Structures are given as structure tokens and as C-alpha cells.
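Biologist: I am new to this structure and would like to go through it by question and answer. Please show it, and then begin with the terms.

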Amino acid sequence: MKKVHLCCGSVYLKGYENCDIVGDILENFYVSGQLIENPNETNIENYFKFPFEIESNKRVRRSFIIDTQMNILEKWHWVDNSVDEIVMINGFEHFEPLMGELIHVLNEAHRVLKVGGIWKFDFPDIKTIVD
């Protein structure tokens with residue numbers, strides 16, 4: 001099952017390919033084949049909890065840790081009908097609707113999602129986006 005997390009920012013979703021335009025690639029956090037630590041890792045159920053539920057002796061690193069660096073406003077690297085689920089929380093407010101950016105994102109999501117695929121998204125402030 002292919003699941004992607006677009007515009008992931010500082011939230012690293014376990015079980016998803018986490019993508020953003022900037023960030024530290026997770027594979028660079030491995031030393032001798034062992035992951036040092038990814039304190040930004042959480043699951044979809046804990047997405048809106050801040051800081052994430054972690055051991056109290058760990059400090060939460062709030063930088064961007066990603067799997068794939070990509071510009072969401074260019075063609076996405078997934079093939080047609082290949083993605084089961086897309087998560088994009090607080091992403092829409094970054095696009096200019098009048099510049100065609102929002103249409104591009106909607107078209108790419110439609111292109112890569114499988115029939116019956118799921119797109120989970122959230123608007124942080126719908127009034128600001130509409131205005």
C-alpha cells in the first residue's frame with residue numbers, strides 16, 4: 001500500500017512517504033545502518049498533538065525531516081493510479097488559486113490516486129484561504 005504525506009513540514013508520519021520542498025532527508029540520519037532518532041515521527045492518530053507523545057527525557061526536534069524532497073507545484077514522481085492514500089495537512093494555504101497552483105495540485109492528486117483512493121486534508125483557516 002502506497003501512502004504519501006505532502007507538505008509534511010516538521011511532522012513525520014510513520015508508514016508514509018513524507019515529502020516537502022525543504023528538509024533533511026531521513027536516510028542521512030542513519031549511522032552504521034542504525035537510525036539515530038527521529039523525534040518528529042508520529043502516526044495519523046497523534047497528528048494534531050503537540051508535542052508528540054514521546055518520552056519526557058527526549059527533546060522534540062522541530063526541523064523538517066523528510067523522505068523525499070519535491071516541489072508539489074511540479075509533476076509528481078508517482079505514476080498514474082499508484083497511490084492509495086494522500087495526507088496533506090495545512091498545505092492548501094500555500095498555493096495561489098489565481099496562478100493555477102491549486103488546480104495543479106488537485107489534478108496531480110487525481111492523477112496519482114488509485115480508484116477508491118483516499119485524500120485526507122485539512123484547512124488551517126478556510127476564511128483566510130477564501131479571502
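Modeller: A residue is buried when its relative accessible area is under 20%, exposed when it is over 50%, and partly exposed in between, with a 1.4 Å probe and protein chains only. This is a predicted model, in which local features need pLDDT of at least 70 and side-chain atom pairs count only at pLDDT 80 or more, while totals for chains, interfaces and linings use all residues. Residues are numbered from 1 along each chain as its sequence is written, and side-chain values use heavy atoms, with hydrogens and water left out.

Biologist: What pattern does the chain follow along the sequence?

Modeller: Helices (H or I, at least four residues) and strands (E, at least two) are DSSP runs, numbered from the N terminus. The chain has two helices and 11 strands. Read in order, the pattern is β-β-β-β-β-β-β-β-β-β-α-β-α.

Biologist: Which residue forms a salt bridge with Glu85?

Modeller: A salt bridge is a side-chain nitrogen of Lys or Arg within 4 Å of a carboxyl oxygen of Asp or Glu, and the structure holds five salt bridges. Glu85 is buried, at 8% relative accessible area. For the salt bridge of Glu85, the closest N and O atoms are 3.5 Å apart, and the partner is Lys120.

Biologist: How many residues apart are Glu85 and Lys120?

Modeller: Glu85 is in strand S10 and Lys120 in strand S11, so the pair links distant parts of the chain. Lys120 is partly exposed, with a relative accessible area of 32%. The separation of Glu85 and Lys120 is 35 residues.

Biologist: Which residue meets Asp84 in a salt bridge?

Modeller: Asp84 counts as buried, at 16% relative accessibility. Asp84 lies in strand S10 (residues 83-89) and its partner in strand S11 (residues 113-122), 30 residues apart. The N to O distance is 3.2 Å, and the partner is Lys114.

Biologist: Why are Glu108 and Arg111 separated by about one helical turn?

Modeller: Glu108 is placed in helix H1 (residues 101-112). Glu108 and Arg111 form a salt bridge with the closest N and O atoms 2.7 Å apart, and both residues are buried. The separation is about one helical turn because, in helix H1, Glu108 and Arg111 are three residues apart.

Biologist: Which residues are linked with Asp80 in a network of salt bridges?

Modeller: Glu108 has 8% relative accessibility and counts as buried. Contact means heavy atoms within 4.5 Å; leaving aside neighbours within four places in sequence, Glu108 is in contact with Lys75 and Trp76. The residues linked with Asp80 in the network are Glu108 and Arg111.

Biologist: What is the angle between the planes of Trp76 and Trp78?

Modeller: Rings of Phe, Tyr and Trp (its six-membered ring) pair if their centres lie within 6.5 Å; planes under 30 degrees apart count as stacked, over 60 as edge-to-face and the rest as tilted. The count comes to two aromatic pairs. Trp76 and Trp78 form an edge-to-face pair, 6.1 Å centre to centre, with an angle between the planes of 90°.

Biologist: How far apart are the ring centres of Trp119 and Phe121?

Modeller: Phe121 is partly exposed, at 41% relative accessibility. The planes of Trp119 and Phe121 are at 65°, so the pair is edge-to-face, and the centres are apart by 5.3 Å.

Biologist: How many disulfides does the count come to?

Modeller: A disulfide is a pair of cysteine sulfur atoms within 2.5 Å. The closest cysteine sulfur to that of Cys7 is in Cys8, 8.2 Å away and too far for a bond. For Cys19 the closest cysteine sulfur is also in Cys8, at 6.8 Å, again too far for a bond. The count of disulfides is zero.

Biologist: What distance separates the C-alpha atoms of Lys3 and Glu17?

Modeller: Lys3 is in strand S1 (residues 3-5) and is partly exposed, with a relative accessible area of 22%. Lys3 and Glu17 are 14 residues apart along the chain, and the distance between their C-alpha atoms is 6.3 Å.
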